[in-house]
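This briefing reviews selected side-chain and backbone features of one protein model. Please consult the sequence and coordinates shown below while reading the grouped points.

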Amino acid sequence: MATPPLPPPEKFDVVIFGASGFTGRYVIREALRFLPPSSSPLRSLALAGRSRDRVAAALRWAVGPGPAPDLPILFADSADPASLAALAGRARVVLSCAGPFRLHGRPVAAACAAAGADCLDISGEPEFMERVEAEFHDAAAKNGSLIISACGFDSIPAELGFLFHSRQWAPPSVPVSVQAYVSLESDKKIVGNFGTFESAVLGVANASELQALRRSRPRRPRPNIPGPPPPKGSLVEHDKTLGLWAIKLPSADTVVVKRTLSTVTEHPEGLPGVEESADFAEHRKNFWSSVKPAHFGVKLTSKSLLGIVQFIFTGLCIGLLGGFSFGRSLLLKFPSFFSAGWFRKSGPTEEQVSSASFKMWFVGHGYSDAARTPERGSKPDREIITRVSGPEIGYITTPIVLVQCALVLLSQRCNLPKGGVYTPGSVFGPTDIQQRLQENGLSFDLVSTRTL
């Protein structure tokens, strides 16, 4: 008698990889809010990591003090390709939370691209993001896998904030430059997670690899911006309008926004969905026709000059010591010392997380009439300020953003591209992601409009 065929492996709507990590457990807590009896499209959830015991402990923490639900826990290790292939084969969407991503993210993206599973990660590492695009875009596009990095505080608030700001420039007005100012606020001490510090150290150590990667790839198209970039100015400035000290920040946000603008330059009507409805296709085209490119940059702010000194000290330590092995070992062994207490291996306490928040101001300068371009000898005569604000960036905003992106994938997949490696803005821009974030704790506001 023939043996009956085995049933197909169970497929989960979402699998959280790296679930036992510091950020991963907050992602678990956020995702649990949308399981049944919620009306969200998230019907099944699994957790994955190297240690089932640690993942189970993270689940208990996320649920506490109540009993933990019976969620499947899968073994998966970034050093074990077979385990990642098995994971990707059982997931519609993989949420990749194990960093630093240059060490642990590439095998996850490779497995998802091969299996046709969608993959969202919370990386803020430009070299990782661009290398994944270079290596896996074609396979992902062929197999129907959407791979989207920077689906956390890096870089959704910056991307959606820029798109929101850009759309405030009603014709015939146009922006030339948009400067984002990030303000981290708390009535407690602000403490970052060690993983973020480690990613920054490794980014400095491998900066030459990013430049080599960019030189090896075809040059991407540049958007047509009606004016030159603003002058570089000083390293530190005091913005009187915002009442904040500011320092230039070499962040992933700038890189990601520029990549989105490049994609839209190639596809002026946006990326068509694999089976999108006629209504959504029209909405997508209208959305992107209302987005105007501009020179973009990010600055980190502080209410006091002492806070800026702390940022400079941390940056100098990472910049000077991150370039050689012994220096990196010192940085990673004593993160609290080399960041003046800004980062520590134990991460922030729950009280510090719950008391923190952020504001990201977008200050745009441009022309009230597009005909008044620099070629005609005129200077920008219009300023628009918008703001994105929300709760603590790493462990509250990031899980909110990541889970909402996953819910968009689950509920609107036919309106999104078949596959490929893209930035969040180029995929999620025309969707209802901004509305979803507003319903879950983030705000998008028009602050002021004035003539210069």
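Leu-305, Leu-306 and Val-309 form a nonpolar patch on the surface, and their accessible area together is about 290 Å². This is a predicted model, in which local features need pLDDT of at least 70 and side-chain atom pairs count only at pLDDT 80 or more, while totals for chains, interfaces and linings use all residues. Residues are numbered from 1 along each chain as its sequence is written, and side-chain values use heavy atoms, with hydrogens and water left out.

**Nonpolar surface patch**

- Patches are made of residues with over 30% relative accessible area and no salt bridge; like charges are joined within 9 Å, and nonpolar side chains (Val, Leu, Ile, Met, Phe, Trp, Tyr) within 5 Å.
- Accessible areas come from the Shrake-Rupley method with a 1.4 Å probe, and for residues only the protein chains shown count as cover.
- Leu-305 belongs to helix α11 (residues 305-321); helices (H or I, at least four residues) and strands (E, at least two) are DSSP runs, numbered from the N terminus.
- Leu-305 is partly exposed because its relative accessibility is 41%, where buried means under 20% relative accessible area, exposed over 50%, and partly exposed in between (1.4 Å probe, protein chains only).

**Salt bridges**

- A salt bridge is a side-chain nitrogen of Lys or Arg within 4 Å of a carboxyl oxygen of Asp or Glu, and by this rule the count comes to 20 salt bridges.
- Side chains of opposite charge can pair when their charged atoms come close.
- One of the salt bridges joins Lys-359 to Glu-185, with the closest N and O atoms 3.1 Å apart. Lys-359 is in strand β13 (residues 356-367) and Glu-185 in strand β7 (residues 174-186), so this pair ties together parts that are 174 residues apart in sequence.
- Lys-359 is partly exposed, at 26% relative accessibility.
- Lys-188 and Glu-351 meet through their side chains in a salt bridge of 3.2 Å, N to O. Because Lys-188 lies in the loop between β7 and β8 (192-193) and Glu-351 in helix α14 (residues 350-355), the pair ties together parts that are 163 residues apart in sequence.
- Lys-188 has a relative accessible area of 38% and is therefore partly exposed.
- Arg-387 and Asp-445 form a salt bridge through their side chains (3.6 Å, N to O). Arg-387 lies in strand β14 (residues 382-391) and Asp-445 in strand β16 (residues 443-451), so parts that are 58 residues apart in sequence are tied together.
- Asp-445 counts as partly exposed, with 27% relative accessibility.
- A network of salt bridges links Glu-133, Arg-217, Arg-220, Arg-259 and Glu-266.

**Backbone geometry**

- The peptide bond from Pro-36 to Pro-37 is cis, with omega near 15 degrees; Pro-37 is in the loop between α1 (22-32) and β2 (45-49).
- Gly-99 and Pro-100 are also joined by a cis peptide bond, with omega about -5 degrees. Pro-100 is located in the loop between β4 (91-96) and α4 (101-115).
- Ala-150 is not a glycine, yet has a positive phi of about 60 degrees. Ala-150 sits in the loop between β6 (146-148) and α6 (156-166) and is buried, at 0% relative accessibility.
- Ala-340, likewise not a glycine, has a positive phi of about 55 degrees. The loop between α13 (335-338) and β12 (343-344) holds Ala-340, which is partly exposed at 39% relative accessibility.

**Cysteines**

- The structure holds 0 disulfides, a disulfide being a pair of cysteine sulfur atoms within 2.5 Å.
- Cys-97 is in no disulfide, and the nearest cysteine sulfur, that of Cys-119, is 9.5 Å away. Cys-97 is buried, with a relative accessible area of 9%.
- Cys-151 is in no disulfide either; the nearest cysteine sulfur belongs to Cys-405, 4.4 Å away. Cys-151 has a relative accessible area of 0% and is therefore buried.

**Surroundings of Thr-397**

- Thr-397 lies in helix α15 (residues 393-412) and is buried, with a relative accessible area of 0%.
- Leaving aside neighbours within four places in sequence, Thr-397 is in contact with Phe-153, Phe-358, Gly-390, Pro-391, Glu-392 and Leu-442; contact means heavy atoms within 4.5 Å.
- Thr-397 and Pro-107 are 290 residues apart along the chain, and their C-alpha atoms are separated by 26 Å.
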